[in-house]
Amino acid sequence: MGDRIVKGQGRTQVRLEALDTGNGICLCLTGGEAPHVGGVVLAAPRPSLTGQGNSCDFWTATVPGHKDVYLAQKAAGKLCTELQVNVSATVGIHIDGAQKQELEIIGENAMEALDEYIAAVKGRRETDGGSHHTG
């Protein structure tokens with residue numbers, strides 16, 4: 001059982017689906033006119049090399065010619081850093097003839113969905129007494 005969050009509408013709609021395995025989060029962000037698998041990122045939390053706060057190490061795979069991996073890295077990094085868990089993020093969002101403004105809206109919708117998901121996870125952790133298992 002996982003979480004599903006949809007943000008936006010039409011060509012710029014983004015769908016977040018996430019599954020907490022108990023030891024990490026499997027995230028899938030799709031949308032636009034042709035949802036697909038375009039980029040995959042694995043992120044693992046670690047202390048920041050500056051000694052201040054937390055960061056993540058990343059491993060990346062992309063389908064040739066796809067730029068979805070940039071959003072996958074941003075999403076995986078956000079979840080990994082804020083929730084301190086391993087994250088696999090798969091992203092595939094495509095719209096034909098995308099305009100710059102549409103790409104910005106897609107990014108905003110994705111970040112809004114991630115923020116909502118993170119808030120839900122943190123809320124469940126508080127309810128579960130700090131357990132990392134979220135669903």
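Which residue in β3 is the bridge partner of Glu-17? The partner is Cys-28. The model described here is predicted, so local features need pLDDT of at least 70 and side-chain atom pairs count only at pLDDT 80 or more, while totals for chains, interfaces and linings use all residues. Residues are numbered from 1 along each chain as its sequence is written, and side-chain values use heavy atoms, with hydrogens and water left out. Helices (H or I, at least four residues) and strands (E, at least two) are DSSP runs, numbered from the N terminus.

**The sheet as a whole**

- Strands of a sheet pair through backbone hydrogen bonds, either parallel or antiparallel.
- Here two strands pair if DSSP finds at least two bridges between them.
- An open sheet is formed by 6 strands in the order β1-β2-β3-β6-β4-β5, and its pairing is mixed.
- At the edges stand β1 (3-7) and β5, each of which pairs on one side only.
- From one strand to the next, the twist averages 20 degrees.

**Strand pairs**

- Strands β2 (residues 14-20) and β3 (residues 24-32) run antiparallel and are joined by 7 bridges.
- The hairpin of β2 and β3 has 3 residues between the strands, and Gly-22 in this hairpin takes a positive phi near 100 degrees.
- β3 and β6 (residues 86-94) run parallel, with 9 bridges joining them.
- In this pair, Gly-24 stands opposite Asn-86 of β6.
- β4 (residues 39-47) runs antiparallel to β6, and 5 bridges join the two.
- Leu-42 has Ser-88 in β6 as its bridge partner, and Ala-43 has Val-87 in β6.
- β4 is also joined to β5 by 9 bridges, and these two strands run antiparallel.
- Gly-39 stands opposite Thr-62 in β5.
- The hairpin of β4 and β5 has 6 residues between the strands, and Gly-51 there takes a positive phi near 85 degrees.

**The two helices**

- Two packed helices are described by the angle between their axes and the distance between the axes.
- Axes are lines fitted to C-alpha atoms, for helices over the stretch in contact, and angles run from 0 to 180 degrees between N-to-C directions.
- The axes of α1 (residues 68-83) and α2 (residues 100-127) come within 11 Å and cross at roughly 20 degrees.
- Contact means heavy atoms within 4.5 Å, and the residues that make it include Leu-71, Ala-75 and Leu-79 of α1 and Met-111, Leu-114 and Ile-118 of α2.
- The contact of α1 with α2 divides into 10 nonpolar, no polar and 6 charged residues.
- In this count Ala, Val, Leu, Ile, Met, Phe, Trp, Tyr, Cys and Pro are nonpolar, Asp, Glu, Lys and Arg are charged, and the others, Gly among them, are polar.

**The disulfide**

- A disulfide is a covalent bond between the sulfur atoms of two cysteines.
- The model has 1 disulfide by the rule used (a pair of cysteine sulfur atoms within 2.5 Å).
- Cys-56 and Cys-80 form this disulfide, with their sulfur atoms 2.4 Å apart.
- The link of Cys-56 and Cys-80 is left-handed, with -120 degrees about the S-S bond.
- Distant parts of the chain are linked by the pair, as Cys-56 lies in β5 (residues 54-62) and Cys-80 in helix α1, 24 residues apart.
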